[in-house]
Amino acid sequence: MATEQWTEFTAIPNGTEVFNHGYSQCVALANLYNEEAVGGEFVPVGSAYQWWTERENLTQIRDAYVPAGSPAVGALFVARGGIYDARDGHIGVVTGVNGDGTFTTMEQNAEHRFVGRYTRANAPEVLGFLVPRPNPAATAAPPPEEDDMTIYIRRDSKSTVYAYSPLTGKARGLSTLQWTVIKRAYANAGLRLPLTEEGPAAMRALVGKER
């Protein structure tokens, strides 16, 4: 069963601009995945292809990933040339592997400017795959479920946001990535986000009710 972090990451909608460490191109999405889902450290490279060519020189990659020649769900794929950028290369996340040898991906700054899903071939321009260890797509427990009555509560603009269900009387603290995905999903659907800053009284009511 995939980890909660994998589920959160792959829930980012198409058309979302991922802005990370001052950039919003393919490497920004890869570093968001690396930091938030894999639990790795920021990879300081200027071009996408360097995730592959510098993998032995950068501990952020060498210690967290295993290079492979075949796609695996949860791996990063690195490419250069062909349909991909010939100068800086390209990088994305493998979300599925198909029986015909192709693989599905989640990428940014590919055929569309922002996040999109694609089907790719393991062609010569694909330099290789970086499989994280441990792989968030293959381990841990299922994410907690929420219901249609869920509301979001925080003490102030800098505090942890809690997802609270009046139906169950339980709440859970949200990570920064979880909260970002939820906000974007509501915005894309044109819905009002049920967020309240109730203050200390509401927060005290949550004590002992976290799940």
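Start by selecting F103: this residue is buried, with a relative accessible area of 0% (buried means under 20%, exposed over 50% and partly exposed in between, using a 1.4 Å probe and protein chains only). You're looking at a predicted model, where local features need pLDDT of at least 70, side-chain atom pairs count only at pLDDT 80 or more, and totals for chains, interfaces and linings use all residues. Residues are numbered from 1 along each chain as its sequence is written, and side-chain values use heavy atoms, with hydrogens and water left out.

(Rings of Phe, Tyr and Trp, the last by its six-membered ring, pair if their centres lie within 6.5 Å; planes under 30 degrees apart are stacked, over 60 edge-to-face, and the rest tilted.) Next, bring in Y84 and F129: together with F77 and F103, they form one aromatic cluster.

How many aromatic pairs turn up in the whole structure? A search finds five. For another of them, select W6 and Y33: the centres are 5.9 Å apart and the planes at 75 degrees, so that pair is edge-to-face. W6 counts as buried at 8% relative accessibility, and Y33 is buried at 0%.

Last stop: charges over rings (NZ of Lys or CZ of Arg within 6 Å of the ring centre and within 35 degrees of the ring normal). Pick W52 and you'll find the charged end of R55 over its ring, 4.0 Å from the centre. Then go to Y118, where R120 lies over the face at 4.6 Å from the ring centre.
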